[in-house]
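Hello,

I am passing on a structure that I hope you will enjoy exploring. Could you open it and keep it beside this message while you read?

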Amino acid sequence: MQAVLNRIRVIETPPIWSTVSALLFAIVYGVVWIAAQTFAVTISGGDLNAPTPTGLALGVLIASALSALVVIQWVRRRLPDDWPRALHLETSHSIPLFAVILIGLGAAFAVDLIGVLLRLNGGQVVPPALIILADQNAPIVGWAIAAITAIVIQPIGEELIFRGLLYPSLAARFGNVASIVLTSLIYMAIMAVLAGPLPWYAIIQPLLMSLVVTTMRAHTQSTQMAIVTRAAFGLFLVLSPLISARLA
């Protein structure tokens with residue numbers, strides 16, 4: 001355990017961007033999420049007061065993809081030849097890829113189990129924006145959009161912002177351990193606005209998930225591994241309703 005803590009505390013080279021810039025990206029992500037969902041619901045023929053599940057998932061996909069593109073282009077303009085290293089997109093320095101995937105899946109299961117055993121999840125199987133994943137009669141196109149979003153697009157978009165930009169900027173000022181907590185609290189605050197009124201996927205699950213993902217980011221010094229860990233959480237969200245339906 002001490003070796004793990006020592007590894008987490010290893011200091012990284014400070015990023016070239018400021019903490020204020022990283023915070024602005026996090027806040028703008030929330031704004032883009034709302035705008036993207038409004039756009040997606042509108043073009044999918046839904047009602048903004050009662051959006052379709054497909055429209056909700058499409059909105060998350062658009063917001064996450066757009067955020068990833070903007071972050072990459074923003075960093076590339078400052079470091080044209082070294083932007084992957086600046087975002088720490090190299091592979092893990094301490095944990096093999098397969099182990100990161102297993103840890104991510106195990107952590108996702110553990111977090112979900114906490115919600116079930118303590119009755120904190122209010123019956124929520126998946127986040128409201130990806131509710132189509134829990135619909136056994138969902139159209140295949142809508143389900144596929146939600147699955148790709150959960151496993152690929154959302155992990156890339158959100159991790160580039162929160163673990164690629166925000167975490168290292170906070171770590172340079174407050175140290176790694178404090179920044180794991182700060183990054184997770186900021187992520188939770190934004191999800192509290194975006195994820196709806198029920199507390200599980202608005203507050204508790206995002207906080208626990210972010211603590212796991214940010215700790216992995218600190219331990220491996222790799223945003224790529226943070227993306228993989230978050231993708232494992234997404235994979236769990238996709239598989240969980242399918243397994244529940246089989247067991248029902």
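Let's start with a pair of helices: H6 and H7 are oblique to each other. (Angles under 35 degrees count as roughly parallel, over 145 as roughly antiparallel, 65 to 115 as roughly perpendicular and the rest as oblique.) Helices here are DSSP runs of H or I with at least four residues, strands are runs of E with at least two, and both are numbered from the N terminus.

Before going on, please note that this is a predicted model, in which local features need pLDDT of at least 70 and side-chain atom pairs count only at pLDDT 80 or more, while totals for chains, interfaces and linings use all residues. Residues are numbered from 1 along each chain as its sequence is written, and side-chain values use heavy atoms, with hydrogens and water left out.

**Helix pairs**

Back to H6 (residues 140-174) and H7 (residues 176-194): their axes come within 8 Å and cross at roughly 140°. An axis is a line fitted to C-alpha atoms, for helices over the stretch in contact, and angles run from 0 to 180 degrees between N-to-C directions. H6 passes H7 in a right-handed crossing. (A crossing is right-handed if the near helix is turned clockwise from the far one by less than a right angle, and left-handed if anticlockwise.) Among the residues that make the contact are Phe 162, Arg 163, Leu 166 and Tyr 167 of H6, and Ile 180, Leu 182, Ile 186 and Tyr 187 of H7. Contact means heavy atoms within 4.5 Å. Sorted by class, this H6-H7 contact has 13 nonpolar, three polar and two charged residues. For these classes, Ala, Val, Leu, Ile, Met, Phe, Trp, Tyr, Cys and Pro count as nonpolar, Asp, Glu, Lys and Arg as charged, and the others, Gly among them, as polar.

H5 and H8 make another pair, packing at about 155° with axes 11 Å apart, so they are roughly antiparallel to each other. Their crossing is right-handed too: H5 passes H8 that way. H5 brings Val 100, Ile 103, Ala 107, Val 111, Asp 112 and Gly 115 to the contact, and H8 brings Trp 200, Gln 205, Leu 208, Val 212 and Met 216. These divide into eight nonpolar, two polar and one charged.

What about H2 and H3? Their axes lie 7 Å apart at an angle of about 145°, and the crossing is right-handed. The contact of H2 with H3 has 18 nonpolar, six polar and no charged residues.

**The cores**

A nonpolar core is a set of buried Ala, Val, Leu, Ile, Met, Phe, Trp, Tyr and Cys residues joined through side-chain atoms within 4.5 Å. "Buried" means under 20% relative accessible area, "exposed" over 50% and "partly exposed" in between (1.4 Å probe, protein chains only). The largest core has 39 residues, and those touching the most other members are Trp 17, Trp 33, Val 71, Val 75, Leu 87, Phe 162 and Leu 165. Helices giving two or more residues to this core include H2 (19-43), H3 (53-78) and H5 (97-117). H2 gives the most, with seven residues. Leaving aside neighbours within four places in sequence, Val 71 is in contact with Phe 25, Leu 87, Leu 160, Ile 161 and Leu 165. There is also a second, separate core of 11 residues, including Ala 57, Leu 133, Ala 150 and Val 238.

**Residues to click on**

- Arg 217 is in helix H8. Is Arg 217 buried or exposed? Arg 217 counts as buried, because its relative accessibility is 0%. Beyond four places in sequence, the residues it touches include Glu 12, His 88, Arg 163 and Tyr 167.
- His 88 sits in the loop between H4 and H5. His 88 is buried at 12% relative accessibility, and has a positive phi of about 55° although it is not a glycine.
- Arg 119, in the loop between H5 and H6, has a positive phi of about 55° without being a glycine. At 76% relative accessibility, Arg 119 is exposed.
- Ala 134 is found in the loop between H5 and H6 and is partly exposed, at 36%. Not counting residues up to four places away in sequence, Ala 134 touches Val 126 and Pro 241.
- Gln 221 lies in the loop between H8 (199-220) and H9 (223-247) and is buried, with a relative accessible area of 12%.

Happy exploring!
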